[in-house]
Amino acid sequence: MAPSKSSLLLKNCSLADCSAIWNGETIQAAIVIEDDSIRWIGVNSKIPEKYNNFKQIDLKGRLVTPGLIDCHSHIIYAGDRAEEYAMRLAGESYEAIAKAGGGILSTVKATRAADEETLYFESTNRLQNWLDSGFTSIEIKSGYGLDFDSEIKMLKVANRIAKTETIDIHPTLLAAHTVPPEFSNKSNDYINWIIEQLMPEVSSQKLATAVDVFCESIGFSMEQSKRLFEAAKSQGFNLKIHAEQLSNCNGSEMAANLSALSADHLEYLDQAGIDAMKESNTVAVLLPIAYYFLKETKLPPIQALQDADVTIAIASDSNPGSAPTNSPLLALNMATTLFGLTPTAALKGMTINAAKALGVEDKVGSIEVGKRADIAIWDLQKAEQLSYWIGGAPLYKRIYQGKFF
C-alpha cells in the first residue's frame, strides 16, 4: 500500500482521546493519519503491517490530545479598555460603566475607526497565542461594529483569517451586543434593523454560521432576543446566546426552546433554564476568565448542570472588556480552581464538548477513527497537567487537517 502525501504513524503516544466516554486516563498508543483523517488507533505492538511504510514519528511518551477548541471568543477588535479596568478596581461596576457610555460602546468606537487591514493584523497577532497553545478551532464573534459596514468588516476579517491561518474559524454575528448610539432608546428598532437589513446580507455573503445576542438587563430583553432568534433560525443560522451573566432574564430557557447550540456565561441560570437546556441538548458554555476578571461572586449552577447531564464546555471569552486574555489555556486552570471542575471535565470542555457547542462534534473534538486529524502534542505526560500549569508553553507540535505545524 503506497502511503499518501500526508500519511503519518505516530508511535509511543500518551493518548487522552477526550471522547464522550473518556474517563481521564491516558493510554500508551499509536495513531495512524492518512490525508486529513484518523485511520487507526491501537497499541504499539499491534500496528497493522500495511501502515509500516508510513512516515513514522516516535513521540517518546508525549501527551497527545485532540486539538483544543475555543467555542466563545471576541478576538477581532481595536483598542483596549484599561482605563475601565482601573475604574472597576476603584469600585465602579461593569453595569455602571456600560450605562455611562463605556463598556462595549468604547470598543465599538475604536473598531469602527480601524480599517480592515488593521483589524486583520491585530487579530492574527492575537490568534498566534491560540496556535501556540494547541488550538485547532475557534469561534469568533462580531459585535464591536454595530452598524452595517463595521459588522460586515469584522466578519470579513474573520473569513479572511479562515483562509490564511491553520485553524478552523467559526464566525458568529453578534450585532445584538448592545444598542449603538444611532439607535439610542430605540432597541426594538435596532433589532428590526438587524433582522431586515443586516442578517440577510450576512446570509447572502455566507459570512457567519451562527447568530448570538446579549440577553441581559444592559443588553436585550428575552422578548427581543426571541424575535431575533426566530428570524435567524428562519434564515438558516445556528443560535448561541450570552445569558444569565448579570441577572436572570430567562434567555437560556428561551434559547433552548429554539434549539440553540449553546447558552454562555450562566451565573444566574435557574432550574427552569437547566431543564430546558437538558431537553434541547443545548451546551452550557462557562467562561471562568470573565468570572474572575469581573470579580463575580455568584458561581454558575455547576452541580445542578452536572446533575441534569447538561454538557459543559469551557471557553476563553477573550475580549477587551471582561476577559482581556491572550492565554486561552488559563481558562482550563480557572475552570478547575474557580468552578471546581475536574481536570478531565475541563479538558473535555475545551475539546469534545466545545465541538458540540459549535455543532461540529461529529468531525472534531476527539481522537477517534474517522474524525479529522486535528491533534495537539504536548511536552507533558498526563492530561491533568494541562490545567495544572499556569503559564509556560507546553505545546510540542500541532497537527491540523493531518499536517504538522
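The views show a predicted model, in which local features need pLDDT of at least 70 and side-chain atom pairs count only at pLDDT 80 or more, whereas totals for chains, interfaces and linings use all residues. Residues are numbered from 1 along each chain as its sequence is written, and side-chain values use heavy atoms, with hydrogens and water left out.

**View 1. Strand 8 and its two parallel partners.** Helices (H or I, at least four residues) and strands (E, at least two) are DSSP runs numbered from the N terminus, and two strands pair if DSSP finds at least two bridges between them. Strand 7 (residues 135-141) pairs with strand 8 in the parallel sense over five bridges, and isoleucine 138 has isoleucine 169 of strand 8 as its bridge partner. Strand 8 also pairs in the parallel sense with strand 9 (residues 210-215), over three bridges, where leucine 173 has valine 211 of strand 9 as its bridge partner. The chain passes from strand 8 through helix 6 (residues 187-205) to strand 9 in a right-handed β-α-β crossover (with the strands pointing away from the viewer, the path from the first strand over the helix to the second runs clockwise). Nine of the nine residues of strand 8 (residues 168-176) are buried, so this strand is largely enclosed by the rest of the structure; buried means under 20% relative accessible area, exposed over 50%, and partly exposed in between, with a 1.4 Å probe and protein chains only.

View 2. Strand 10 (residues 238-243) and strand 11 (residues 262-265) run parallel and are joined by four bridges, with alanine 263 in strand 11 as the bridge partner of isoleucine 241. Between strand 10 and strand 11 the chain goes through helix 8 (residues 251-257), and this β-α-β crossover is right-handed. From strand 11 the chain continues through helix 9 (residues 271-280) to strand 12, again by a right-handed β-α-β crossover. Aspartate 264 has valine 285 of strand 12 as its bridge partner.

**View 3. The largest pocket and its lining.** The pocket holds about 330 Å³ of space. Of the 20 residues that line the largest pocket, Ala98, Leu105, Thr178, Val179 and Ile218 are the closest to its centre. On a 1 Å grid over the protein atoms alone, a pocket is an open set of points with protein on both sides within 12 Å along at least five of seven lines, a cavity is a set of points where a 1.4 Å probe fits but cannot get out, and lining residues have an atom within 4 Å of a point. Grid points are joined across faces, edges and corners, and a volume is the space filled by probe spheres set on the points. Helix 2 (94-99) and helix 3 (104-113) each supply at least two residues of this lining, and helix 2 gives the most, with three residues. By class, the pocket lining has nine nonpolar, nine polar and two charged residues (Ala, Val, Leu, Ile, Met, Phe, Trp, Tyr, Cys and Pro count as nonpolar, Asp, Glu, Lys and Arg as charged, and the others, Gly among them, as polar).

**View 4. The largest cavity.** A search of the whole structure finds three cavities of 30 Å³ or more, and the largest cavity has a volume of about 120 Å³. The largest cavity is lined by 14 residues, of which Tyr94, His177, His242, Asn319 and Ser322 lie nearest its centre. By class, the cavity lining has four nonpolar, eight polar and two charged residues.

View 5. Lysine 60, in the loop between strand 4 (55-58) and strand 5 (63-66), has a positive phi near 55° although it is not glycine, and lysine 60 is exposed with a relative accessible area of 67%. Aspartate 309, in the loop between helix 11 (302-307) and strand 13 (312-314), likewise has a positive phi, about 60°, and is exposed at 56% relative accessible area. Glutamine 381, in the loop between strand 14 (375-378) and helix 15 (385-388), is partly exposed at 45% relative accessibility. The C-alpha atoms of glutamine 381 and serine 14 are separated by 6.4 Å, although these residues are 367 residues apart along the chain. Threonine 325, in the loop between strand 13 and helix 12 (330-337), is buried, with a relative accessible area of 8%. Leaving aside neighbours within four places in sequence, threonine 325 is in contact with Trp130, Ile289, Ser316 and Ser318, where contact means heavy atoms within 4.5 Å.
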